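Please look at the sequence and the 3D structure shown here. Some questions and answers on how the parts are arranged follow.

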Amino acid sequence: MNYFVGVDIGGTNSKIGLLNDQGDILKSTSIKTDSIEGVDYTLNKIWETVLEMAEELDISRDLIKGIGMGIPGPVIDQKKVAFFANFPWEKNINISEKMEEISGVKTRLDNDVNVIALGETLYGAGKGYSKSVTIALGTGVGGGIFVDGKLISGATGAGGEIGHMKLEKEGKLCGCGQKGCFETYASATGVIRETLSRLQINKTNGVYKAIDGDLNKLEAKHVFDEAKKGDEFALSIVDYVAEYLSMGIGNVLNIINPDVIILSGGVALAGDILLDKVKEKLPNYALAITIENLKIKLGELGNDAGIKGASALTI
Ligand SMILES: [Zn+2]
């Protein structure tokens with residue numbers, strides 16, 4: 001039996017898993033990324049942790065055949081990171097080479113959302129399909145496109161950045177500096193932004209009550225919870241989000257024509273109340289032929305999607 005390592009590097013913590021070649025997690029743990037200490041420090045700490053886990057599982061280190069990593073930034077050729085979002089590490093570091101020097105094990109990396117997409121496609125909601133698009137609806141909107149056995153990472157590592165697809169000319173301002181991006185409407189941040197603006201005018205609703213009138217407490221979850229209870233104010237926001245979500249998904253369908261769309265992240269937890277509306281509106285934006293056999297599913301792996309997908313990069 002051969003074994004593989006999956007690492008999900010985050011701003012604060014990094015998740016590390018030791019898996020078999022079927023994507024089963026045999027052991028996993030979380031360590032502080034401590035990116036401030038430098039890239040070599042972090043990579044060494046990750047490898048030391050892997051060795052500790054292998055020892056606990058009584059797995060010989062020469063049976064570890066690959067290390068895969070999910071990185072918060074654009075990754076080129078699964079080796080080099082163009083830049084790290086929110087890390088004090090230099091640009092264009094060849095992490096693959098560095099990790100191989102430290103560990104002696106083949107190392108490949110990809111963008112963190114691409115890696116989640118790979119995990120969901122191979123081992124979760126997309127199992128059995130050869131063409132999938134995973135849309136992570138969290139603080140922003142991330143995307144991972146998987147076609148015929150391969151992730152579409154792009155020439156400079158920005159493949160699958162569907163959160164910055166434009167849905168409005170002169171639309172809401174995005175963190176990327178441009179306007180009208182998908183993520184300004186369909187992310188949790190987008191939901192909060194729209195709700196806050198409506199709460200300025202309407203205070204007689206379930207959402208205002210749920211946060212005791214304290215706008216700082218507002219989370220996207222409040223809106224979805226109240227919508228599930230039938231609150232009209234919350235339902236109209238869900239409808240607004242569903243409209244943009246359908247438009248974004250419709251554009252993706254027309255370009256990629258996948259078998260399955262996998263929705264993950266916090267906003268996806270809204271579940272059927274959002275999904276039913278999206279399915280209803282989708283024919284307004286997607287060519288009929290792209291919806292014929294389409295499956296729209298919620299992610300199934302939760303927080304394990306990252307390390308599962310990362311481990312598959314070297315299998
Ligand atoms: Zn943008």
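Axes are lines fitted to C-alpha atoms, for helices over the stretch in contact, and angles run from 0 to 180 degrees between N-to-C directions. This is a predicted model, in which local features need pLDDT of at least 70 and side-chain atom pairs count only at pLDDT 80 or more, while totals for chains, interfaces and linings use all residues. Residues are numbered from 1 along each chain as its sequence is written.

Q: How many helices and strands does the protein chain have?
A: Helices (H or I, at least four residues) and strands (E, at least two) are DSSP runs, numbered from the N terminus. Counted in this way, the protein chain comes to 11 helices and 13 strands.

Q: What is the radius of gyration of the protein chain?
A: The radius of gyration is taken over C-alpha atoms, and the globule rule is 2.2 Å times the number of residues to the power 0.38. For 315 residues that rule gives 20 Å, and the chain's own value is close to this, so the chain is as compact as a globular protein of that length. The radius of gyration of the chain is 20 Å.

Q: Which handedness does the crossing of α7 and α8 have?
A: Helix α7 covers residues 220-228, and its axis comes within 8 Å of that of α8, at a crossing of roughly 115 degrees. A crossing is left-handed if the near helix is turned anticlockwise from the far one by less than a right angle, and right-handed if clockwise. The crossing of α7 and α8 is left-handed.

Q: Which residues of α8 make the contact with α7?
A: Two residues are in contact if their C-beta atoms, placed from the backbone, lie within 7 Å. From α7 the contact takes V223, F224, E226 and A227. From α8 it takes A234, L235, I237 and V238.

Q: Is α5 parallel or oblique to α8?
A: The axes of α5 (residues 188-199) and α8 (residues 232-256) come within 11 Å and cross at roughly 140 degrees. Angles under 35 degrees count as roughly parallel, over 145 as roughly antiparallel, 65 to 115 as roughly perpendicular and the rest as oblique. The angle therefore makes α5 oblique to α8.

Q: How do the residues of the contact of α5 with α8 divide by class?
A: V191, E194, T195 and R198 of α5 meet I237, Y240 and V241 of α8. Ala, Val, Leu, Ile, Met, Phe, Trp, Tyr, Cys and Pro count as nonpolar, Asp, Glu, Lys and Arg as charged, and the others, Gly among them, as polar. The division is four nonpolar, one polar and two charged.

Q: Which element gives the largest share of the side of domain 1 that touches domain 2?
A: An automatic or database domain assignment sets the bounds, giving domain 1 (3-119 + 304-312) and domain 2 (128-299). In the contact, 12 residues of domain 1 meet 15 residues of domain 2. Elements giving two or more residues to the domain 1 side are β5 (75-76), β8 (107-111) and α3 (112-123). The largest share, five residues, comes from α3.
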